[in-house]
Amino acid sequence: MKHVMLDAYGVEENHANDILHIYSLLNELAFVCGLEPIAPPQLIPYYYGKVKEDVGISSFVLLKGGHITIHTFPLRQCYFVDCLSSKDFDEKVF
């Protein structure tokens, strides 16, 4: 079992708020790491929070034996990635 988490700060707001970019990123991460998705990526835009800076996109792709999640906060210029897999993968990809 391997678990990698990444906190990224100073990202471009337009990338962190682009649903197609996040969708493609989830697919690419799974492919490059040699992990098997069992369903297409799911994306949930979050634009109705009480705190303006908390808006963004929550997304995930379920893998055979794990998952990859990405949560973006465009106004805070950051995102967080979590990858858990029963299969070994190169964490440097993240």
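Apart from its neighbours within four places in sequence, S59 is in contact with I22, L26, Q42, L43, I68, T69, I70 and H71, where contact means heavy atoms within 4.5 Å. S59 has its place in strand β3, and with a relative accessible area of 1% S59 is buried. Buried stands for under 20% relative accessible area, exposed for over 50%, and partly exposed for what lies in between, with a 1.4 Å probe and protein chains only. Helices (H or I, at least four residues) and strands (E, at least two) are DSSP runs, numbered from the N terminus.

This is a predicted model, in which local features need pLDDT of at least 70 and side-chain atom pairs count only at pLDDT 80 or more, while totals for chains, interfaces and linings use all residues. Residues are numbered from 1 along each chain as its sequence is written, and side-chain values use heavy atoms, with hydrogens and water left out.

## The sheet and the helix on it

Five strands make up an open sheet in the order β1-β5-β4-β3-β2, with antiparallel pairing; two strands count as paired if DSSP finds at least two bridges between them. At the edges stand β1 and β2, each of which pairs on one side only. From one strand to the next the twist averages 10 degrees, and helix α2 packs on this sheet, where α2 touches β2, β3 and β4 and its direction makes about 150 degrees with that of β4. For such angles, axes are lines fitted to C-alpha atoms, for helices over the stretch in contact, and the angles run from 0 to 180 degrees between N-to-C directions.

In general, strands of a sheet pair through backbone hydrogen bonds, either parallel or antiparallel. Here β1 and β5 run antiparallel and are joined by eight bridges; within this pairing, L6 has V81 in β5 as its bridge partner, and K2 stands opposite S85 in β5. Strands β4 and β5 also pair in the antiparallel sense, over eight bridges, and F73 stands opposite C78 in β5.

## The turn between β4 and β5

The hairpin of β4 and β5 has four residues between the strands, and in this hairpin Q77 takes a positive phi near 55 degrees. Q77 is not a glycine, and in general most residues other than glycine have a negative phi. Q77 is found in the loop between β4 and β5, where Q77 is partly exposed, with a relative accessible area of 39%.

## Salt bridges

How many salt bridges does the structure hold? There are three of them, a salt bridge being a side-chain nitrogen of Lys or Arg within 4 Å of a carboxyl oxygen of Asp or Glu. In one of them K2 is joined to D88, with the closest N and O atoms 3.0 Å apart; because K2 lies in strand β1 (residues 2–9) and D88 in the segment after β5 (78–85), this pair ties together parts that are 86 residues apart in sequence. The side chains of E91 and K2 also meet in a salt bridge, at 2.5 Å from N to O, and this pair links distant parts of the chain, with E91 in the segment after β5 and K2 in strand β1, 89 residues apart. D88 is exposed, with a relative accessible area of 60%, whereas E91 is partly exposed, at 35%.

Another salt bridge brings together the side chains of R76 and D54, 2.8 Å from N to O. This pair, too, links distant parts of the chain, with R76 in the loop between β4 (66–73) and β5 and D54 in the loop between β2 (42–46) and β3 (56–63), 22 residues apart. R76 is partly exposed, with a relative accessible area of 41%, and D54 is partly exposed, at 26%. Through salt bridges that share partners, K2, D88 and E91 are joined into one network.

## Exposed positions

M5, which has its place in strand β1, is exposed, with a relative accessible area of 62%. Leaving aside its neighbours within four places in sequence, M5 is in contact with V81 and D82.

F31, V32 and V93 make a nonpolar surface patch of about 310 Å². Patches are made of residues with over 30% relative accessible area and no salt bridge, with like charges joined within 9 Å and nonpolar side chains (Val, Leu, Ile, Met, Phe, Trp, Tyr) within 5 Å; accessible areas come from the Shrake-Rupley method with a 1.4 Å probe, and for residues only the protein chains shown count as cover.
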